[in-house]
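Hi everyone, thanks for making time today. Let me put the model up on the screen, and then we can walk through its rings and its core together.

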Amino acid sequence: MGIAHFGNDFARELGDLFEQYVGRQLRQLSDAEVHPEIVYRDERRSVDWIVVFDDMVLLVEVKSTRPTQQLRLGVLDRTSAALRQIKHAYQQLETTAALITDRNPSFRHIPTDRPVHGLVVTMEPFHTANAPFQKEMQPHTGIPVTVCSATELEHLVTLRDASASQLLLERHGDPLTSTYSLNTVLVGRNVARNAILDAGWDSYPWKRHADLESEAAVDQ
């Protein structure tokens, strides 16, 4: 509806806002440094975010895409079209990983002594995006890649019983979990409340109204 009313400018603005939202979520990781996209040769740009852990470098590419109704129904040609929407994300991950490995001057502050993984964050879940039959349709990046939704990321950054990097490393070390959604390895984990989601909820008018009613009841 937004694109129909405002044109492609709506999609670009939405993409920019979603990219910044993902960055805010990543900055909740207490054991990592989060770097924004890097501009290098001829104004080219890296992935949207680079997250440096002690045991991993995580390349994060953000796509404000969501599965269509045809994709949800499993229509073959529409499934292929939807996967092409995230194909560019794989290409960005591959390019950025190579620039880091080759010690491009613009990436000298990113370490090369630890594994590199990729994370593609979409607005809504692509439930089978990590399955082998779909991964085969994507470019070969040379690094492990997980596709996850914004909701899964909101849980990943609040892990209490393990580092997000540890969970991703273990996920890709186990063939039984690496082909499924990130939710599979998040089930049963100890997660904290997400401060950004709480702040958003508290900003709604009905929440403020409920707080005022509660305060009034206490006063009485």
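**Rings and core**

Let's begin with Tyr40, which is buried, as its relative accessible area is 10%; buried means under 20%, exposed over 50% and partly exposed in between, with a 1.4 Å probe and protein chains only. A quick note on what you see: this is a predicted model, where local features need pLDDT of at least 70, side-chain atom pairs count only at pLDDT 80 or more, and totals for chains, interfaces and linings use all residues. Residues are numbered from 1 along each chain as its sequence is written, and side-chain values use heavy atoms, leaving out hydrogens and water.

The whole structure holds five aromatic pairs. Rings of Phe, Tyr and Trp (its six-membered ring) pair if their centres lie within 6.5 Å; planes under 30 degrees apart are stacked, over 60 edge-to-face, the rest tilted. Tyr40 and Phe107 have ring centres 5.7 Å apart and planes at 65 degrees, so they are edge-to-face. Phe107 is buried too, with a relative accessible area of 0%.

Now look at Tyr204 and Trp206: centres 4.7 Å apart, planes at 25 degrees, so this pair is stacked. Tyr204 is partly exposed at 37% relative accessible area, while Trp206 is exposed at 51%. Ring pairs join Trp201 to these two in a cluster.

Finally, which residues have the most contacts inside the largest nonpolar core? They are Val22, Leu26, Val51, Val60 and Leu153, in a core of 28 residues. Such a core is a set of buried Ala, Val, Leu, Ile, Met, Phe, Trp, Tyr and Cys residues joined through side-chain atoms within 4.5 Å.
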